[in-house]
Amino acid sequence: MTQKGLEEVVAAETRLSDVDGVNGRLWYVGYDVHDLATSSTFEEVVYLLHTLRLPTEAELDELSDRLVAEREVSPFLAGMMPTLAQQTSPMSMLRTGVSAASAYDPDGWEDTPEANERKAMRLIAKTPTLIALYHRMRTDQEAVPPNPKLPHAANFLYMLSGEEPDQEDAVALDTTLILYADHTMNASTFTARVIASTLADMFSAITGAIAALKGPLHGGANEESMKMLEEVGDPSNAERYVKDKLARRERIMGFGHRVYKTEDPRATHLRRLSQELGERKGDPRWFEISAEIERVVASEKGLHPNVDFYAASVYRHLGIPTDLMTPVFALARMPGWTAHVREQYADNRLIRPESEYVGPRDQVYVPIAQRG
Ligand code: COA
């Protein structure tokens, strides 16, 4: 029997993350995401996902230094950016940029475990630079070189806006990156693992993952959520908006999940961040609209917000343009994708499922000249 959407099909063994969809729990390498979101940093989570243990201070410093040293993109990539900034959407730029990053990679076509670990770190380090560079160019602003003194999250905000973020904003972004870093066999990670299972290279696998993330049913949902908040405009409009949409049998973006049947544990933190940022910046409107939409969707459909819903208002407060919200998801997911690719290579078998044929059988071939 066809398992449409591969629901509940176990496609791989992993030591990276685990979800309990009934109780709304998520772990990376056995560590509760609540503990990581409140006590850890993105760099620490990168280390965890790639070595399957938490680092010592010295190990974390070493990893952070490596990431800082790899932030600059090659002249080849920088040279492509004016065209990409003019001609492509942000996710298309990222898909093309990551694919093009294989050119001039110091490890070339070497595919040893060590070379793949280095490629993974380069992709993690360079993705924020690609996104910021793209944004500066499309808005006719000078590119802002990476600041080696700033951690990953703070440096991204710095390269995007040209201003060093305050500590609270930097921590807020860092927390969202931790929450997005990995999530079992989601569509983009599965795509990456399918490509890796053919023994294609790391850049090909991650390019495919980005393509899968682009769609509104996956990573694109945070952007769609932001557009919805803008359309609603005021908490008092939320009830009518949601009811109308549901009456037209349209989906409410940022709600529902294949695995979680209760609150997505990541949404708990993002809701808190959305509220805190709104209060701190004197603009609680986005949180209030979000909370009202959440209330109506719960009462009308019994659906919970997923990771993307409150991420939208958080990113708005951090000055991230709506169409860069999915690319930010990608930069956050990079450690998860690359760790899954390495895990796939380490114990590989070609992923090749079956299909169930439902078309006509035993058709008689009629030569083209005799077809009516
Ligand atoms: N808005 C309205 N109805 C929704 C919904 C949403 N966001 N998500 C699910 N539903 C409804 C479906 O219409 C369907 O109802 P029906 O049986 O009456 O037709 C039912 O819930 C099951 O939906 P289905 O599409 O089979 O579930 P799924 O497991 O394939 O979908 C998602 C998971 C994430 C694709 C889905 O919830 C969705 O489209 N959400 C919006 C996009 C989004 O936020 N994506 C980010 C995910 S992290």
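User: Is D140 buried or exposed?

Analyst: This is a predicted model, and in it D140 counts as exposed, with a relative accessibility of 75%. The residue lies in the loop between α6 (113-138) and α7 (152-161).

User: What is the phi of D140 like?

Analyst: The phi of D140 is near 55°, which is a positive value in a residue other than glycine.

User: And E8, what about its phi, and where is it found?

Analyst: E8 is not a glycine either, yet it has a positive phi of about 65°, and it is found in the segment before β1 (17-20).

User: Switching to helices: at what angle do the axes of α7 and α8 cross?

Analyst: The axes of α7 and α8, the latter covering residues 167-180, cross at roughly 115° and come within 8 Å. Since 65 to 115 degrees counts as roughly perpendicular, α7 and α8 are therefore described as roughly perpendicular to each other. The crossing in which α7 passes α8 is right-handed.

User: Which residues make the contact?

Analyst: On the α7 side the contact is made by H152, A153, A154, F156 and L157, while α8 contributes D169, A170, L173, D174 and L177.

User: How many of those are nonpolar, polar or charged?

Analyst: Sorted by class, the contact of α7 with α8 has seven nonpolar residues, together with one polar and two charged ones.

Notes: Residues are numbered from 1 along each chain as its sequence is written. This is a predicted model: local features need pLDDT of at least 70, side-chain atom pairs count only at pLDDT 80 or more; totals for chains, interfaces and linings use all residues. Side-chain values use heavy atoms; hydrogens and water are left out. Helices (H or I, at least four residues) and strands (E, at least two) are DSSP runs, numbered from the N terminus. Buried means under 20% relative accessible area, exposed over 50%, partly exposed in between (1.4 Å probe, protein chains only). Axes are lines fitted to C-alpha atoms, for helices over the stretch in contact, and angles run from 0 to 180 degrees between N-to-C directions. Angles under 35 degrees count as roughly parallel, over 145 as roughly antiparallel, 65 to 115 as roughly perpendicular and the rest as oblique. A crossing is left-handed if the near helix is turned anticlockwise from the far one by less than a right angle, and right-handed if clockwise. Contact means heavy atoms within 4.5 Å. Ala, Val, Leu, Ile, Met, Phe, Trp, Tyr, Cys and Pro count as nonpolar, Asp, Glu, Lys and Arg as charged, and the others, Gly among them, as polar.
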